[in-house]
Structure formats: structure tokens, C-alpha cells
Amino acid sequence: MSDYKVQLSESEMPTSWYNVVADMPIKPGPPLHPGTGEPVAPEMMGAIFPMNIVEQEMTGEPEVAIPNEVLELYRMYRPSPLVRAERLEAALDTPAKIYYKNESVSPAGSHKLNSAIAQAYYNKEFGTKSITTETGAGQWGSALSMACSFFGLECQVYMVKVSYNQKPYRRIVMETFGATVYASPTDRTEAGRKVLAVDPDSNGSLGLAISEAVEAAVTSEGGTTKYSLGSVLNHVCLHQTIIGQEAKLQLEKVGDYPDVIVGCVGGGSNFSGLCFPFMRDKFNGKDVRALGCEPSSCPTLTRGPYAFDFGDMNMMTPLMKMYTLGHTFIPPGIHAGGLRYHGDAPLLSQLVHEGHIEGAAYDQLPVFASAEKFAKAEGIIPAPETAHAIHGAILEAEKAKEEGKERVILLGLSGHGLLDLAAYDDYHQNKLKDYPLPQSEIDRALAGLPKVG
């Protein structure tokens, strides 16, 4: 059998999600109440999320069964292919083997649909009628609006304004599936009005869009509107582990195992979904590295402290222990809108803090150069977010060449960039600039970190 493209049959698709919490050497603590600093009770989370989602967020079970209704929708595009990037290997003249797990084949064009389908299903089962959410680059908003249409749910999306303006076709996708899309900050919420009063031209941020979406959910009438988050939280990372579980099975078919797993990190869901199933092996002594790649303009893993912080700008969410640049941080308007979040998933952050996972930050110009190199070799134009992972993988392949050693690299191709072509046009027209973040901006945002004993 050729190892160029490794497929699984539908019957081989995993039927459970993997919960890394069960195997972590040090168990994570709970989030904290934003007012009292005490551990959050499930009932408080239930004001925002349906209780069946809250149960997943807090479970310690090693596996969570995937409902049949979710599996049926997964079969539209899963199992996703694992592809050996032979032409890229040749272009780099590297002894490394590069495999990429191609999540761009989903109808939404990215990995986001893995959690969107699950969250829409659980909301429908709970009796939710409408869902509010935020989106950065628009991949999550596109996926959730699609999933809501499958289950007959209304969907309201607060899209970070810089991406709303940069990526109009993502908005059109959401509206095609019946969602209502607002450019955040808006005058519809107290959180949005507060920012607009200070800066009417604010580009917005994911933290602010989350504040608006949460506020819209909790202030809605009737109690049938809930909020949905596309990354960061435990249950979102859980849903994405179908990626890594499939990749393990596919690599077994060709007799390979990764030396390094590379993914892009904004909130952390796609990278967690790819690498967490391999962390079980690492905890048991397997020599495998995991590398999370982020933009130098929003360097949470590499320059942020590991501390308790809010998940949103308006301090409505519980306090989570994570790598953060501060909940008031508004990053520069780079094209990788999905990576412009001030914090990282608590589970991912803890594993980085404990040394199980590494982080690296890159400027956007070399990232786009690597994206084009990948596109010319493999025929896929990657999303700007995914391009950060590609750049990290290329650097790993070049190190293998320098050392004259073979290396198996597993790359998470989290989404295509066919709705991000304006970013590539700006790159071609030399309109893009690198945005290395001044320490003064980080210090200013971190000054507002909550004081937690």
C-alpha cells in the first residue's frame, strides 16, 4: 500500500472522544468564580451553557461516547485523510517524513465543524432554541452556523470587526446558513458600547466578541438561548480529539509514529485535538514532542505568564489558569484572525507549563512564505492560521536536514485559505508587515490581571 494518502474506512472511525484529563500526571484545578474566587459550581456554568455540555466540561472519564446523530454528520467528511507531503519533502530536500492531517476537507473548510456539530446536537437535546457565539477569522462562525442549520437552531455571531471587514465571504457563508452576523464591537451590548465610547474605530478582539456573545445569551428572554465557544474550553478540546485518534490509526497503517507533532495555536482546540491522544503515550514514556505555533503579534504561550485570567474582556466568564496576555489585550489586525486571542486553553496551558508541550512564535511574513511553499508543492492554499503550523513544520524539516537525521513530522492542516485570498493578495502586494509585539503593550494589558490568591 502506498503511504502517500492514508485513508480509514467509516467503520474504523473512532466512536469516542478522548479526555486527556484522565491521564494527566497532575490533575487540573477547576475554574474560579469571577466574584468570590471560589471553585465554580456546575450551576453557574449552566447559566451560559446547557448542562449536558457542562457535564462534558467537568468530566474526568477517559472516554466520552460520540452520539450516533453526531457520528452520522461526521461521516459527511470523516475520517479525514492523512497525506504524506512527498512533494514538500522533495522541495525542502529533507530526510524528514512530513504527514499532514487534512481537516480542510470538512464542508466548513476547517476542523471547527468537529465541535460545532457536537455542540449544536447537545444544545438541541437540552431544549436550546438559539445560540450566540463569537468568531475571529470566521471559521468557527461558519461551522456553527452550518451545524445550527442541521439541527434547526437560530445562530447569532459576533465577528471581530477587523476580520468582518477583511473576510466578507466568511460572513456570507454564515448568512447563507441562516446566521445573523454582527461586527464586534457593536452597540447591541453593554460590553460593546463601553469599548465604542472610548474607541469608536476599535478593531475588536476575540475577548470582546466573547463578552458580547455571552451578554447576549444571559440577557435573552425565555432562557432558551445559550452561548457556544469554539475553542479554549475542555469540552471543545475533547470534541477535537477525533483528529489525533484518527491520525494515530493512520500512522499505524504505514508503520510510522511522529517524532514531533506541529499545530497552530490561537485558543488551542485544533492543536489539542491533534496532540492530546499522543500525550497519553508521552505520559507513559514515549519520546514524542508537541509544538504549538503562534503569531509573534499575539505570543501567549511564549511571552505570557501562566496565571488566572478571564476568558473575555468584560470579565463575565470564570477565571481560568492559562497562558495569557491579559483579558484587555487587543492584538494587531494580522490576517490570522483565529490566532488573535489573549489566552490559551487551560489544559494545553498546563501541559506547556509542565514541559510536556512546547510553544514557538513566528512573524507573519515568513509564515506566508512557508504557506506559499506548501501550496506550490501540495496544491492546497492553507488558511493564515494553519500557515503558522506549516512554518513550524518546515523549520523542523530543515533542522532534520542540518542534522542529517530522519524525523517523522505530523502536521495539523486545520483549514484551507480559499476564503482568505485577500491576505495572500496583501502579501503579494507587499502590504503585510511583521508585528513583533512591544513588551510595553504586554505589560499594559497584564496590569489588569485579576489578583488571585
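1. Seven strands make up an open sheet of mixed pairing, in the order β1-β4-β5-β15-β10-β11-β14, where strands (E, at least two residues) and helices (H or I, at least four residues) are DSSP runs numbered from the N terminus, and two strands pair if DSSP finds at least two bridges between them. At the edges stand β1 (5-6) and β14 (358-362), each of which has a single partner strand, so one side of each is left without a neighbour in the sheet.

2. This is a predicted model, in which local features need pLDDT of at least 70 and side-chain atom pairs count only at pLDDT 80 or more, while totals for chains, interfaces and linings use all residues. Residues are numbered from 1 along each chain as its sequence is written, and side-chain values use heavy atoms, with hydrogens and water left out.

3. Axes here are lines fitted to C-alpha atoms, for helices over the stretch in contact, and angles run from 0 to 180 degrees between N-to-C directions. Helix α16 (residues 384-403) lies across β5, β10, β11, β14 and β15, and runs at about 170° to β15.

4. A further open sheet has four strands with parallel pairing, in the order β8-β7-β6-β9. Its edge strands, β8 (180-184) and β9 (225-227), each pair on one side only, and neighbouring strands are turned by 20° against each other on average, direction ignored. Five bridges link β7 (residues 154-160) to β8 in parallel, with V157 facing V181 of β8 as its bridge partner.

5. Leaving aside neighbours within four places in sequence, Q56 is in contact (heavy atoms within 4.5 Å) with W17, V64, Y122, H235, L238 and H239.

6. The count of disulfides (pairs of cysteine sulfur atoms within 2.5 Å) comes to zero. The closest cysteine sulfur to that of C237 belongs to C275 and is 9.1 Å away, too far for a bond. C237 is buried, with a relative accessible area of 1%, and C275 is buried as well, at 0%.

Definitions and conventions: Buried < 20%, exposed > 50% of the residue type's maximum accessible area, 1.4 Å probe, protein only.
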